[in-house]
Amino acid sequence: AKSVDAFVRELNDDHDLLIWGEPCIGNGAITSRFRGISWEWAEIQKGRNYLTEGLTGPVSAIITNPPFSLAQEFIDRSLNEAEFVAYLLRLNFFGSQKRRDWWQGKEPTHLFVLAERPSFTGKGTDATEYAWFVWDRIGLCKRKPGMYVI
């Protein structure tokens, strides 16, 4: 919740005017932190696979915490579907020989590194740094493109 709230504070106030999508809605950990927004969604556990079926409708913004092993495929699809894309990922997603070429031309406009490690289980944190990787093609972020610690 803290990591989502910190990120929402980085968005312009008119973010609630957009149509949002969550490809891995799960139990709503991300969507519940936004007020007054209706969501298009996908969730494999609820019978809707984002990679094969897409979201329940068209969107202008996508935010999610995808399965790490499929993050690259999720990002590719999201960048083709929305003008604003935000993914909560391990910071080490930048590194790998497999993704070196893939990253060329796909660099995020913003990187919001989390000062506090998130807890995904409620039983403490892992020893991994996380960040919001953001591709903002509509000027939704309050700050100019760059890297920030939030």
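Residues are numbered from 1 along each chain as its sequence is written, and side-chain values use heavy atoms, with hydrogens and water left out. As the model is a prediction, local features need pLDDT of at least 70 and side-chain atom pairs count only at pLDDT 80 or more, while totals for chains, interfaces and linings use all residues.

Helices (H or I, at least four residues) and strands (E, at least two) are DSSP runs, numbered from the N terminus. Two strands are taken as paired if DSSP finds at least two bridges between them. An open sheet of 7 strands has the order 2-1-3-4-6-5-7, and its pairing is mixed. Strand 2 and strand 7 (146–149) stand at the edges with a single partner strand each, so one side of each is left without a neighbour in the sheet. From one strand to the next, the twist averages 20°; axes are lines fitted to C-alpha atoms, for helices over the stretch in contact, and angles run from 0 to 180 degrees between N-to-C directions.

Strand 1 and strand 3 run parallel and are joined by 2 bridges, with Gly21 opposite Ile62 in strand 3. Strand 3 and strand 4 also run parallel, with 4 bridges; Ala61 has Phe84 as its bridge partner in strand 4. Strand 4 (residues 84–90) and strand 6 run antiparallel and share 7 bridges, and Val85 stands opposite Trp135 in strand 6.

Helix 3 (residues 71–81) packs on this sheet, touching strand 3 (61–64), strand 4 and strand 6, and its direction makes about 170° with that of strand 4. Contact means heavy atoms within 4.5 Å. Buried denotes under 20% relative accessible area, exposed over 50% and partly exposed in between (1.4 Å probe, protein chains only). Ala71, Gln72, Phe74, Ile75, Ser78 and Leu79 of helix 3 are buried. Viewed down the helix 3 axis, the buried residues fall within an arc of 155°, so they line one face of the helix; the arc is that of the directions from the helix axis to the C-beta atoms. Their cover includes helix 2 (50–53), strand 3, strand 4, helix 4 and strand 6. In strand 3, Ala61 and Ile63 point one way and Ile62 and Thr64 the other way, and all are buried.

Leu55, in the loop between helix 2 and strand 3, is buried, with a relative accessible area of 9%. Not counting residues up to four places away in sequence, the residues touched by Leu55 include Gly21, Glu22, Trp41, Ile62 and Glu81. The C-alpha atoms of Leu55 and Glu22 are separated by 7.7 Å, although the residues are 33 apart along the chain.

The whole structure holds 19 aromatic pairs. Rings of Phe, Tyr and Trp (its six-membered ring) pair if their centres lie within 6.5 Å, and planes under 30 degrees apart count as stacked, over 60 as edge-to-face and the rest as tilted. Trp20 and Trp39 have ring centres 5.9 Å apart and planes at 50°, so the pair is tilted. Trp20 lies in strand 1 (residues 20–22) and Trp39 in strand 2 (residues 39–41), 19 residues apart; both are buried. Trp103 and Trp135 form a stacked pair, 6.5 Å centre to centre with 15° between the planes. Trp103 belongs to helix 4 (residues 97–103) and Trp135 to strand 6 (residues 130–136), so this pair ties together parts 32 residues apart in sequence.
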